[in-house]
Amino acid sequence: MSVWLPTAPCTPADCATPQWPTVGRFTAVLRLITGTTAVLVGVLLAPLAIPLTAAGRARLVSLWCRTVIRAFGVRVRIVGSPVSAGAGGMLVVPNHISWLDIPLVAAVLPGRMLAKREVRQWPVLGPVAGFGGTLFVDRDRLRALPGVVRTMADALSAGSRVIVFPEGSTWCGREKGRFRNAAFQSALDAGAAVQPVRISYGPVGAAAFVGEDALAASLWRVATAAGLTAEIRVLPPIPAGSHADRRSLARAAHRAVAGGEAATFLHTAVDNDSANLPSPSVHHSDNFSPASASSVRTLS
């Protein structure tokens, strides 16, 4: 395990112990079957989407992800108005609680996800990730980070929406991690706006995928939960050029997602703190801390 990867104190025992109403076993099994079927149908049909335009693929991805989420029995509530995909490149930065975050964000703000390189080698899902324009990062090679940032900046400059979970690992929702700085350099380099997104679940423990949690156990909790609701709140975007460096930009996005006044940075050029000093290289080790198992298991 690389020592610089992020970690969270959240564990299944502390954060995901069942304390919520559940549905019957038959309903839960039916949800698992229909959810898995929806995933497989999307996988099988993915090659047919290759000839479509980027906008057409985005609409199909959004529809597919909504179908998968609903098939697992999760209700979705959208707060705020997503900026049109044709409005230019934008860096989307949600908090990270569950594997559900990935289809949830893709359903509302489809774009190019940043994923660990191991996903490329996964059977079935690896090729699908490639078809979807996923950007891959080698999390074990810190020296590769500047290249990843350049690739993200190129995608943003080309008008793509790029999605990254800057907490770097899943947190339970009650506990939250700080936003790592490196990804925000791509927005600065491309002159792109940043779109903060706040994700929440009720009950949060049913959705949380943390620590040494196994994916099968998490799937079962989601399928058995009664009335599980996912809320995605699209906050006001942070305009390009409103912050002088990636540290202040990351802090502004984190404050918005964590529940601070999202509008305060819309009219603020830079934060009035020491973070406005020139930033070191994007592979400065202060951006990271040790990793947990959830950071290995989750797609992001």
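Visitor: Which residues form a nonpolar patch on the surface?
Guide: That would be V41, L44, L45 and L48, with about 430 Å² of accessible area together. Keep in mind that this is a predicted model.

Visitor: Where is V41 placed?
Guide: V41 sits in helix 2, which covers residues 25–45.

Visitor: OK, zooming out. How many helices and strands does the protein chain have?
Guide: There are 11 helices and seven strands.

Visitor: What share of the residues is buried?
Guide: Buried residues account for 51% of the 300 in the protein chain.

Visitor: Let's switch to helix 6. How many residues does it have?
Guide: Helix 6 has 13 residues, running 145–157. From first C-alpha to last it reaches 18 Å, close to the 18 Å expected.

Visitor: Which of the residues in helix 6 are buried?
Guide: L145, P146, V148, V149, M152, A153, A155 and L156.

Visitor: What covers them?
Guide: The cover includes strand 2 (90–94), strand 3 (112–116), strand 4 (135–137), strand 5 (161–163) and helix 7 (182–190).

Visitor: Last one: what follows helix 6?
Guide: G159 does, and its phi is positive, near 95°.

Methods: Residues are numbered from 1 along each chain as its sequence is written. This is a predicted model: local features need pLDDT of at least 70, side-chain atom pairs count only at pLDDT 80 or more; totals for chains, interfaces and linings use all residues. Side-chain values use heavy atoms; hydrogens and water are left out. Patches are made of residues with over 30% relative accessible area and no salt bridge: like charges are joined within 9 Å, nonpolar side chains (Val, Leu, Ile, Met, Phe, Trp, Tyr) within 5 Å. Accessible areas come from the Shrake-Rupley method with a 1.4 Å probe; for residues, only the protein chains shown count as cover. A salt bridge is a side-chain nitrogen of Lys or Arg within 4 Å of a carboxyl oxygen of Asp or Glu. Helices (H or I, at least four residues) and strands (E, at least two) are DSSP runs, numbered from the N terminus. Buried means under 20% relative accessible area, exposed over 50%, partly exposed in between (1.4 Å probe, protein chains only). The expected span of a helix is 1.5 Å times one less than its number of residues. Contact means heavy atoms within 4.5 Å.
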